[in-house]
Every structure is written in structure tokens, then in C-alpha cells.
Amino acid sequence: MHITPEKIKEAAEALECTELKSFMFQEPTAGPLTKPGRSSRSTGRSRRSTRRSTRRSTRRSTRRSTRRSSRRSRRSTRRSRRSTRRSRRSTRRSRRSTRRSRRSTRRSRRSTRRSRRSTRRSRRSTRRSRRSTRRSRRARRSRRS
């Protein structure tokens, strides 16, 4: 529903409001709603300024985008390098651990072999000593008799 001056007049007459009547019949003090027409020079200047501003904004945006892309690429390369370093470190560690475990198994085998040898030797020596004691006892007995 659009408010027209006739409707306002009708409302003023119905209310018999003097203030509204005086307001209605005043000359409009506000200027026209549309902007006044510019000269050709001013329009040309404004067009140039808008062109410049658009160029600047496009340059800035392209710079920003290139910076962002370069930053992203740098980040990705850094990440990839880090991951490769980590993987290399982990492979080195695993190799070291396998070497250590092999060494430890070799050492344990050697130690078990040595211990077996030593036990065999000690058994032999005990057997020999027992034999020799038996012989000496026999010899003593035979001498007595």
C-alpha cells in the first residue's frame, strides 16, 4: 500500500490536525532524490579513478594469491622433507636395532657355547681326578697287602 499526498490530506482532514495540514502545504525543502548531473570532465575522472582502483585491487589480489600459493608450496615441500627425514631416521633406527639384536644373539650363542665347553672340561677334569684318586687308593691297598 503506497502513501500518496491525497491520502495524507484525507487523513489530515479526518483528524482535523492543524500541524499536519501546515506540514502538507509547505514547499519541499529537500532537494531531488537523484544526484545532479555531472560534467563530462568529472565523469571521465571518476571512470579513470575507478579503473585505477580496479587495477590496484586486481594487482593486490594477484599478489596475495601468488604469495599464498608460494607459501603453500613451501609448506608442502617442508612437510615432505620432514616426512622423508623422519622415514630415514626410522629406517636407520630399525637397522640399528636389528644389528644390535643380531649382535646380542651372537654373543649369547658364544656365551652358551663357552659355558658348554667349560662345563664339559670341568666334567672331564672331575672324571680324571676321580680316576686318579681311585688308582691311587688301589695302589695303596695293593701295597698294604
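This passage describes the fold, surface and two side-chain contacts of a predicted protein model. Local features require pLDDT of at least 70, side-chain atom pairs count only at pLDDT 80 or more, and totals for chains, interfaces and linings use all residues. Residues are numbered from 1 along each chain as its sequence is written, and side-chain values use heavy atoms, with hydrogens and water left out.

The protein contains three helices and zero strands. Its elements follow the order α-α-α from the N terminus. Helices here are DSSP runs of H or I with at least four residues, strands are runs of E with at least two, and both are numbered from the N terminus.

The mean for the protein is 80. A value of 70 or more is reached by 77% of the residues. Helix α3 (residues 40-144) has the highest mean among the elements, at 85. Helix α2 (residues 18-24) has the lowest, at 60.

Of 145 residues, 2% are buried (under 20% relative accessible area; exposed is over 50%, partly exposed in between; 1.4 Å probe, protein chains only). The protein exposes about 15,000 Å². Carbon and sulfur atoms supply 44% of that area. Areas come from the Shrake-Rupley method with a 1.4 Å probe; for residues, only the protein chains shown count as cover.

Two side chains in helix α3 were examined. Thr77 lies in this helix. Its relative accessible area is 36%, so Thr77 is partly exposed. The Thr77 side chain reaches the backbone oxygen of Arg74 at 2.6 Å. Ser101 also belongs to helix α3. With a relative accessible area of 36%, Ser101 is partly exposed. A polar atom of its side chain lies 2.6 Å from the backbone oxygen of Thr98.

Terms used
pLDDT is the predictor's confidence in each residue, from 0 to 100. A polar contact is a pair of N or O atoms within 3.5 Å; within protein, one must be able to donate a hydrogen and the other to accept it, and residues adjacent in sequence count only if both atoms are side-chain atoms.
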